[in-house]
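Q: I have a structure open and have not looked at it before. Can you walk me through it?

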Amino acid sequence: MTRSLPRFLQGALDKKATLLAFVLGLATIAAAWGSQLIGGLVPCELCLEQRLSYYWGLPVLAAILVLWNRLPLAVWYIAMAVAAAIFAWGTYMGAYHAGVEWGFWPGPTACTGLGSTDLSFGDLSGEIEAVIPCDKVQFRFLGISLAGYNALISLAIVGLLLIAIFDQVRRYRKA
């Protein structure tokens, strides 16, 4: 006896996986902004860098979804590969930041230390802007920081985009 896939999963997975990746990314960046504006968490330099993958990748995915049936297949593959690469970079940034938080490696000197041992009182005379430390966790849930969750979510988005690409290849070879 063979089990069939649920109706939603039958047929083409490429558009479904791409749409799910887009919705997941949109929900993630909305949650990041919500945690900042409503929750009071102030992002550090690495947090802001991690958001760049969403700022670049989501418009690419939106364009792919809007132009879905009008894109030549070669352009579709390139755009999907670009989106996957952007979120792969986001995965790296999230994992790097989580590693900085756990003390596995040093973070950038701009947010994990002074970067210079020569500091005089004259340097302190101007207006001092608070530096949010990249190596201190502001919030953990189930032992994982927001940077760790960002790495996992970005990895899931990459996985969904790869599923979409491989499903398109599979269907193209069948035709």
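A: One term to begin with: a nonpolar core is a set of buried Ala, Val, Leu, Ile, Met, Phe, Trp, Tyr and Cys residues joined through side-chain atoms within 4.5 Å. Buried means under 20% relative accessible area, exposed over 50%, and partly exposed in between (1.4 Å probe, protein chains only). This is a predicted model, in which local features need pLDDT of at least 70 and side-chain atom pairs count only at pLDDT 80 or more, while totals for chains, interfaces and linings use all residues. Residues are numbered from 1 along each chain as its sequence is written, and side-chain values use heavy atoms, with hydrogens and water left out.

Q: OK. How many residues are in the largest nonpolar core?

A: The largest nonpolar core has 22 residues. Leu61, Ile64, Met80, Phe87 and Leu161 have the most contacts inside it.

Q: And which helices supply at least two residues each?

A: Helix 1, helix 2, helix 3 (73-102) and helix 5 (146-174) each do. Helices here are DSSP runs (H or I, at least four residues; strands are E, at least two), numbered from the N terminus.

Q: What does Met80 touch?

A: Leaving out residues up to four places away in sequence, Met80 touches Thr18, Ile64, Leu161, Ala164 and Ile165. Contact means heavy atoms within 4.5 Å.

Q: Switching to charges. How many salt bridges are there?

A: A salt bridge is a side-chain nitrogen of Lys or Arg within 4 Å of a carboxyl oxygen of Asp or Glu. By this rule there are three.

Q: Why would such side chains pair?

A: Side chains of opposite charge can pair when their charged atoms come close.

Q: What does Asp14 form a salt bridge with?

A: With Arg171, where the closest N and O atoms are 2.5 Å apart. This pair links distant parts of the chain, since Asp14 is in helix 1 and Arg171 is in helix 5, 157 residues apart.

Q: Is Asp14 buried or exposed?

A: Asp14 counts as buried because its relative accessibility is 2%. Arg171 is partly exposed, with a relative accessible area of 30%.

Q: Which residues are linked in the network of salt bridges?

A: Asp14, Asp167, Arg170 and Arg171. Asp167 meets Arg170 at 2.5 Å, N to O, and meets Arg171 at 3.3 Å, N to O. Asp167 and Arg170 are three residues apart in helix 5, so about one helical turn separates them. Asp167 is buried at 5% relative accessible area, whereas Arg170 is partly exposed at 37%.

Q: Now the surface. Which residues form the nonpolar patch?

A: Trp33, Leu37, Ile38, Tyr55 and Trp56 form it, with about 610 Å² of accessible area together. Helix 1 (14-37) and helix 2 (45-66) are the elements that give two or more residues to the patch. Patches are made of residues with over 30% relative accessible area and no salt bridge; nonpolar side chains (Val, Leu, Ile, Met, Phe, Trp, Tyr) are joined within 5 Å, like charges within 9 Å. Accessible areas come from the Shrake-Rupley method with a 1.4 Å probe, and for residues only the protein chains shown count as cover.

Q: Where is Ile38 found?

A: Ile38 lies in the loop between helix 1 and helix 2. Ile38 counts as exposed because its relative accessibility is 79%.

Q: And what is Trp33 in contact with?

A: Leaving aside neighbours within four places in sequence, Trp33 is in contact with Ile38, Arg51 and Tyr55. Trp33 is in helix 1 and is partly exposed, at 37% relative accessible area.
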